[in-house]
Amino acid sequence: MTEEFSDIITMADMAQVFDITDTFGIDRETISVELSKEDPGIVQIAVGGGLEITLPLTIELDIWSKTLDSELDRLGYERA
């Protein structure tokens, strides 16, 4: 597995996720991000009301970040 498509999330991955979720004003304490990556990537509301995110394995996060943004819109989050 190359560094680009590592199956474990990195601090840089988390920084990119927070860059997007912060624009929606989502409290970081309510976000759960799976430590391993899995295609196609998932964004969903957790049973307790928090946000669950699984990053994709084979799609660059720079590209998938557009999906994260649109999924947050679809789930009803509004930009702060």
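Select Thr21 in the predicted model and show its surroundings: Thr21 touches Ile26, Ile31, Leu51, Ile53 and Leu72, leaving aside residues up to four places away in sequence. Contact here means heavy atoms within 4.5 Å. Thr21 lies in helix H1. With a relative accessibility of 0%, Thr21 counts as buried; buried means under 20% relative accessible area, exposed over 50%, and partly exposed in between, with a 1.4 Å probe and protein chains only. Helices (H or I, at least four residues) and strands (E, at least two) are DSSP runs, numbered from the N terminus.

Two notes on the model apply throughout. Residues are numbered from 1 along each chain as its sequence is written, and side-chain values use heavy atoms, with hydrogens and water left out. Because the model is predicted, local features need pLDDT of at least 70 and side-chain atom pairs count only at pLDDT 80 or more, while totals for chains, interfaces and linings use all residues.

**Helix H1**

Colour Asp13, Met14, Val17, Phe18, Ile20 and Thr21, the buried residues of H1. Looking down the axis, these buried residues fall within an arc of 165°, so they line one face of the helix. The arc is that of the directions from the helix axis to the C-beta atoms. Turned away from the buried side is a face with the exposed residues Met11, Ala12 and Asp19. The buried residues of H1 pack against S1, S3 and H2. Just after the helix, pick Gly25, which takes a positive phi of about 70°.

**The strands**

Move to Leu51. Among the residues that Leu51 touches are Thr21, Ile26, Val43, Leu72 and Tyr77, not counting residues up to four places away in sequence. Leu51 in S3 is also the bridge partner of Ile31. S1 and S3 pair in the parallel sense over three bridges; two strands pair if DSSP finds at least two bridges between them.

Next, select S2, residues 42-45, which runs antiparallel to S3 and is joined to S3 by four bridges. Gln44 stands opposite Glu52 in S3. S2 and S3 form a hairpin with five residues between them, and Gly49 in the turn has a positive phi of about 100°.

**Two loops**

Go to the loop between S1 and S2, where Pro40 is found. The peptide bond from Asp39 to Pro40 is cis, with omega near 10°.

Thr58 lies in the loop between S3 and H2. Thr58 is partly exposed, with a relative accessible area of 47%. Draw a distance from the C-alpha atom of Thr58 to that of Gly76: the two are 18 residues apart along the chain and separated by 27 Å.

**Helix H2**

Select H2. At 1.5 Å a residue, its 14 residues should span 20 Å; the end C-alpha atoms are 19 Å apart, which agrees. Leu61, Trp64, Ser65, Leu68 and Leu72 are buried in H2. Down the helix axis, the buried residues of H2 fall within an arc of 120°, so they line one face. The face turned away from the buried side carries the exposed residues Ile63, Lys66 and Arg74. H1, S2 and S3 are included in what covers the buried residues of H2. Gly76 follows H2, and its phi is positive, near 100°.

**The core**

Finally, select Leu51, Ile53, Leu55, Leu68 and Leu72, the residues with the most contacts inside the largest nonpolar core, which has 18 residues. Two or more residues of this core come from each of helix H1 (11-23), strand S1 (31-33), strand S3 (51-54) and helix H2 (61-74). A nonpolar core is a set of buried Ala, Val, Leu, Ile, Met, Phe, Trp, Tyr and Cys residues joined through side-chain atoms within 4.5 Å.

Terms used
Expected span 1.5 Å × (residues − 1).
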